[in-house]
Amino acid sequence: MSRKQQLLGLVGRLKLYLGLAALLAVGIAVSPVAADGTNVFLSPDNLADVLRQVSNNGILAVGMTMVILIAGIDLSVGTVMALGSTLTAMLLTLRGWSTAAYVTVPTCALVVGSATGAAVWRLSTKWRAARVVTALMAGLLAGGLAVAWLAPQTSTGFSVLAVLVAVPCVTLLLGTLSGLIIAKGRLQPFIVTLAMMIAALGSARLIAGKDHSVYQVYIGPDGATPAFQLLRARIGGILPVPGFVFLLCVAIASFALRNLRFGRYLYAIGGNEEAARLSGINVERIKTATYAISGLLAGLTGVLYCAQYRQGKPDAGTGMELDAIAAVVIGGTSLMGGRGSVVGTLVGVFIFGLLNNILQLRNVDYNVQLVFKGVIIIAAVLLQEGRLGEWFRHLFRGHRPAHR
């Protein structure tokens with residue numbers, strides 16, 4: 001292999017990171033300059049704000065990466081996130097026990113109890129009867145503790161820690177339901193998650209009530225406890241908490257995809273589902289688990305959204321599923337499944353976020369920003385498929401790209 005070919009191969013492998021570096025260079029070049037002569041784009045506050053702004057989309061994109069790796073799609077993450085934010089706001093400002101609380105708390109107890117019971121079942125290897133009894137007792141115990149612990153701990157609402165458990169549990173259940181219908185019912189993920197998207201939006205609006213399109217969260221005697229402020233703080237005065245959670249999710253997901261059997265199964269199912277099934281992989285279980293993780297991350301994003309904006313908004317997630325899919329595609333994950341990485345998604349999320357930031361710093365019209373996003377998504381897909389060069393040759397020389 002010649003040196004030129006080696007260089008081209010290296011550029012091909014690093015093209016995503018080179019694109020991010022080029023965008024950083026553009027941002028520095030076109031950034032406004034503050035009165036003291038500093039570059040606004042490079043200021044720590046601006047970069048921290050970029051990380052905070054991309055964190056919600058980024059956490060959703062982590063779950064979406066896993067779903068797309070198995071050649072699936074999850075259109076419900078945006079509205080499930082909005083449902084999570086509305087539920088968070090409702091629980092934090094709850095006055096006494098409402099109907100929603102009677103539904104939420106037993107649901108959380110059911111999820112925690114079932115998960116504990118299932119874990120005990122899996123870990124036990126002897127005495128079948130003992131396994132059943134132990135699993136049921138563990139489930140009931142965990143459920144009872146969850147009910148006691150998740151009950152309102154103040155005169156006005158739930159504690160922040162309880163909400164951090166309760167809301168992701170509810171959305172985990174929704175994701176599991178979608179996964180079960182897709183895996184067991186053999187239905188198209190597009191249809192199932194579209195239905196879940198509509199159902200989650202309706203549920204969020206029901207919680208908000210007819211006159212509460214936005215559920216405000218106040219800090220103080222009639223609202224959430226001051227601990228809620230911690231979710232919008234900065235660690236060490238630099239790193240925003242939502243950004244830290246996003247990076248933590250990327251690290252955990254990347255480790256799982258690289259080192260755990262679950263990660264290898266995702267790639268195998270996305271590459272060839274039938275071959276994966278014939279090789280002994282429980283495809284239905286892995287699919288269900290993948291959509292459950294996507295739902296869990298959507299609920300966690302809902303809590304963080306509520307903390308950042310101090311409100312739960314039923315319509316907050318409109319379009320966020322498309323942003324998550326776009327970030328995954330820009331990051332190099334194939335929509336056909338079986339190829340991609342969470343680290344690539346991390347870069348895709350930052351490319352999206354930096355582009356937004358640069359356009360906002362230059363006061364570019366929002367509609368023009370949308371056009372830029374569309375162009376970048378198309379270019380990213382052509383680049384990832386290796387067809388950008390063919391497209392340019394066709395445009396300038398009349399060469400027709402080969403159909404694949």
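Me: Buried means a relative accessible area under 20%, exposed means over 50%, and partly exposed is in between. With that in mind, why does Arg205 count as partly exposed?

Reply: This is a predicted model, and in it Arg205 has a relative accessibility of 46%.

Me: What makes the link between Asp315 and Arg205 a salt bridge?

Reply: The closest N and O atoms of Asp315 and Arg205 are 3.1 Å apart. The cut-off is a side-chain nitrogen of Lys or Arg within 4 Å of a carboxyl oxygen of Asp or Glu, so the pair qualifies. Asp315, at 36% relative accessible area, is partly exposed.

Me: Why can we say that Asp315 and Arg205 tie together parts that are apart in sequence?

Reply: Asp315 sits in the loop between strand 4 and helix 12 (320-330), while Arg205 belongs to helix 7 (residues 189-208), so the pair joins parts 110 residues apart in sequence.

Me: How do you know that Glu284 and Lys184 meet in a salt bridge?

Reply: Their side chains come to 3.1 Å, N to O, and the limit is 4 Å. Here too the pair links distant parts of the chain: Glu284 is in helix 11 and Lys184 in helix 6 (residues 160-185), 100 residues apart.

Me: Why is Lys184 called exposed, and why does Glu284 count as partly exposed?

Reply: Lys184 has a relative accessible area of 56%, and exposed starts over 50%. Glu284 is at 21%; buried needs a value under 20%, so Glu284 counts as partly exposed.

Me: What makes Arg277 and Glu274 a salt bridge, and where do they lie?

Reply: Their closest N and O atoms are 3.8 Å apart, and the cut-off is 4 Å. Both residues are in helix 10 (residues 273-278), three residues apart, which is about one turn of the helix. Glu274 is partly exposed at 45%, and Arg277 is partly exposed at 27%. Shared partners join Glu273, Glu274, Arg277 and Lys287 into one network of salt bridges. The whole structure holds eight salt bridges.

Me: Why is helix 2 called roughly antiparallel to helix 11?

Reply: The axes of helix 2 (residues 44-69) and helix 11 (residues 283-309) cross at roughly 175° and come within 8 Å. Angles over 145 degrees count as roughly antiparallel, so helix 2 is roughly antiparallel to helix 11. Among the residues making the contact are Arg52, Ile59 and Met66 of helix 2, and Tyr291, Leu297 and Tyr305 of helix 11. By type, the contact residues are twelve nonpolar, seven polar and one charged.

Me: What makes the phi of Ala71 worth a look?

Reply: Most residues other than glycine have a negative phi. Ala71 is not a glycine, yet its phi is positive, about 65°. You will find Ala71 in the loop between helix 2 and helix 3 (77-92). Ala71 is partly exposed, with a relative accessible area of 41%.

Me: How do you know that Arg310 has a positive phi, and where does Arg310 lie?

Reply: The phi of Arg310 is near 55°, a positive value in a residue other than glycine. Arg310 is in the loop between helix 11 and strand 4 (311-312). With a relative accessible area of 31%, Arg310 is partly exposed.

Methods. Residues numbered from 1 in each chain as written. Predicted model: local features only at pLDDT ≥ 70, side-chain atom pairs only at ≥ 80, totals over all residues. Heavy atoms only, no water. Axes fitted to C-alpha atoms, helices over the stretch in contact; angles between N-to-C directions. Helix = DSSP H or I, 4+ residues; strand = E, 2+ residues; numbered from the N terminus. Parallel < 35°, antiparallel > 145°, perpendicular 65-115°, else oblique. Contact = heavy atoms within 4.5 Å. Nonpolar A, V, L, I, M, F, W, Y, C, P; charged D, E, K, R; others polar. Buried < 20%, exposed > 50% of the residue type's maximum accessible area, 1.4 Å probe, protein only.
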